[in-house]
Amino acid sequence: MEAFSSKDMAMKAQKKILSHMASKSVAHMFIDDNSSEVLDELYRVSKEHTGNRNEAQKVVKNMIKIAVKVGVLFRHGKFSADELSVAQDFRKKLHHGAMTAISFQEVEFTFDKSVMMELLADCRDLLLKLVEKHLTPKSLDRIRHVFNHYSDPELLTHLYDPQGTLWPNLGKICSGLNRMIEEGKL
């Protein structure tokens, strides 16, 4: 006899539907204003750096899809105790990464791209470990795409150049990250 679970079916449907709806405009409906502003700035950074609107949209869309799917998995209690431990490690590493990004922006001459690249790679690896048993290979590739995109050494160097065109965007991103940390969301 085949095991059927309406709860599992509902979760799969939610993941599928929400991932198809993932766009910046839809994200504004599901996330707070501050997170939305950070996503907008990350989009602008990607668009300016790559010169490719479609690539910038794709990376932000992938970020939204990942967040939605991980949220659905959490809501449905799909993570084991070991996976929840990995989730906690991911949250700590993400918090540390945000604090480091802010510090590099606020304190002149402290930026070290290898440190940022390592933090982003660690976050990517922890997130992949968390969801590897729950998401499709395509979703895992989305995670790699997002983290690899933002850990690109040229993008980081461009972003953290105080004389560069992306410096104002970095200020807005760090301001948003600061608010997220203060509100306990990051």
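This is a predicted model: local features need pLDDT of at least 70, side-chain atom pairs count only at pLDDT 80 or more; totals for chains, interfaces and linings use all residues.

Biologist: Which residues of helix 9 are buried?

Modeller: Helices are DSSP runs (H or I, at least four residues), numbered from the N terminus. Buried means under 20% relative accessible area, exposed over 50%, and partly exposed in between (1.4 Å probe, protein chains only). In helix 9, the buried residues are Asn169, Leu170, Ile173, Cys174, Gly176, Leu177, Met180 and Ile181. They lie on the same side of helix 9, because their arc around the axis is only 160°; the arc is that of the directions from the helix axis to the C-beta atoms. An α-helix has 3.6 residues a turn, so residues three or four places apart point the same way. On the other side of helix 9, Lys172 and Glu182 are exposed.

Biologist: Against which helices do the buried residues of helix 9 pack?

Modeller: They pack against helix 3 (33-50), helix 5 (81-106) and helix 8 (153-159).

Biologist: Is His149 buried or exposed?

Modeller: His149, in helix 7 (residues 137-150), is buried, with a relative accessible area of 11%.

Biologist: With which side chain does the side chain of His134 make a polar contact?

Modeller: A polar contact is a pair of N or O atoms within 3.5 Å; within protein, one must be able to donate a hydrogen and the other to accept it, and residues adjacent in sequence count only if both atoms are side-chain atoms. The partner of His134 is the side chain of Glu83, at 3.0 Å.

Note on methods
Residues are numbered from 1 along each chain as its sequence is written. Side-chain values use heavy atoms; hydrogens and water are left out. Helices (H or I, at least four residues) and strands (E, at least two) are DSSP runs, numbered from the N terminus. Contact means heavy atoms within 4.5 Å.
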